[in-house]
Every structure is written in structure tokens, then in C-alpha cells.
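Here are my notes on the model you sent, as numbered points. Please read them with the structure open.

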Amino acid sequence: MNQPNPYQDGGDYQWGPAEPPGAPEYGHGFAPVPLAPLGGPGVPLLAVGDIVVLQDSIVTPNGTLPLKGAVWNVTDMSRTEEKIPTTGVVLAVVFAVFCLLGLLFLLMKERRTTGYIQVGVSSGGRHHTTLIPATGPDTLYWVMDRVNHARSLSA
């Protein structure tokens, strides 16, 4: 490590393997790959649970449904509970003996969201329903945004 860098003055050193003489530079000289058109018949536009919306159809585990005229339903079956955690109660009891400021520990709140959001789609005489687990109070808004986008595509 006490040797000076012999290439620090801009010598002929290049990082990486040497190129064969007469060959094009690495990464150049190849034909560009054509890009697939956006929104083709097999390109998914959005997905809600196991329901995938394509350009002209809806793919579900029960089969493919037509996109035009599809009816979408959303049911919120989640709930958010709020409670005082056990540690807040214990700290309030312990510190209430020393001073009344211990009662401030009773203001600690713990929120927990449980349940599912049910999304149903029916079209062409067929129906499919999926359940999406609610991970927080904002999960319903995320699902409604996706379903409203799907509704605009099926209009």
C-alpha cells in the first residue's frame, strides 16, 4: 500500500478486460430490441387481488370475463380497534403512586386494523369475488382507487 499508483497520471490503464483488436466497444454494435406496444391485449393494466384487468378483458381464477359492461362491487369488512396497551396501564399504576403525572400513561393508544375488503366483479353472466387483507385504515382507499380505475376502463 505504500507504492504510488503507476496510472495516476492518466496512462494507458483501463478498468476491465481488454477488447480484442477490431471489435466494437462492449455494449455497442448490437441490434436494439424492439419494445412491445403499451396496452396490448396481453398487458395487464391493473390488478386487484387475484383479478387482473387487461385491455379488453378481466382475468380471474374462474375464467376470463369481458371488460365492457363489467359491474364492480366493494364491501369493507375491516375494523380498526383502539385500546390502551398493558404497558401503559402498568406504568400509570406505578407512577401514580409517586406523582399524578403517571396518569398521562393512560393516554397511550394502540390501533390495530383487522379484517378484509371484498372486491367482486360480474360480467358476461359470470361473477368472481376476492378478499384483500386490510393492513391499515388506508387499505380501503387504495382498493377503492384501483376499483374506480377498473370501473372507468369498463365503461
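1. The accessible surface of the protein chain is about 11,500 Å², and carbon and sulfur atoms account for 61% of that area. This is a predicted model, and the values below are computed from it.

2. Of the 155 residues in the protein chain, 21% are buried. Taking contacts between residues at least 6 apart in sequence, 53% join residues at least 24 apart.

3. The chain has seven strands and two helices. Along the sequence they follow the pattern β-β-β-β-β-α-β-β-α.

4. Four strands form an open sheet in the order β1-β2-β3-β4, with antiparallel pairing. β1 (46-48) and β4 (63-66) are the edge strands, each pairing on one side only. On average, neighbouring strands of this sheet are turned by 20° against each other, direction ignored.

5. Three bridges link β1 with β2 (residues 51-53) in the antiparallel sense. Within this pair, Ala 47 stands opposite Val 52 of β2. Helix α2 (residues 139-154) packs on the sheet and touches β1 and β2. The direction of α2 makes about 125° with that of β1.

6. Which residues make the nonpolar surface patch of about 520 Å²? They are Ile 84, Val 89, Val 93, Leu 100, Leu 103 and Leu 106.

7. One member of that patch, Leu 100, lies in the loop between α1 (86-98) and β6 (110-123). Leu 100 has a relative accessible area of 68%, so it counts as exposed, the cut-off being over 50%.

Technical notes
Residues are numbered from 1 along each chain as its sequence is written. This is a predicted model: local features need pLDDT of at least 70, side-chain atom pairs count only at pLDDT 80 or more; totals for chains, interfaces and linings use all residues. Side-chain values use heavy atoms; hydrogens and water are left out. Patches are made of residues with over 30% relative accessible area and no salt bridge: like charges are joined within 9 Å, nonpolar side chains (Val, Leu, Ile, Met, Phe, Trp, Tyr) within 5 Å. Accessible areas come from the Shrake-Rupley method with a 1.4 Å probe; for residues, only the protein chains shown count as cover. A salt bridge is a side-chain nitrogen of Lys or Arg within 4 Å of a carboxyl oxygen of Asp or Glu. Buried means under 20% relative accessible area, exposed over 50%, partly exposed in between (1.4 Å probe, protein chains only). Contact means heavy atoms within 4.5 Å. Two strands pair if DSSP finds at least two bridges between them. Axes are lines fitted to C-alpha atoms, for helices over the stretch in contact, and angles run from 0 to 180 degrees between N-to-C directions.
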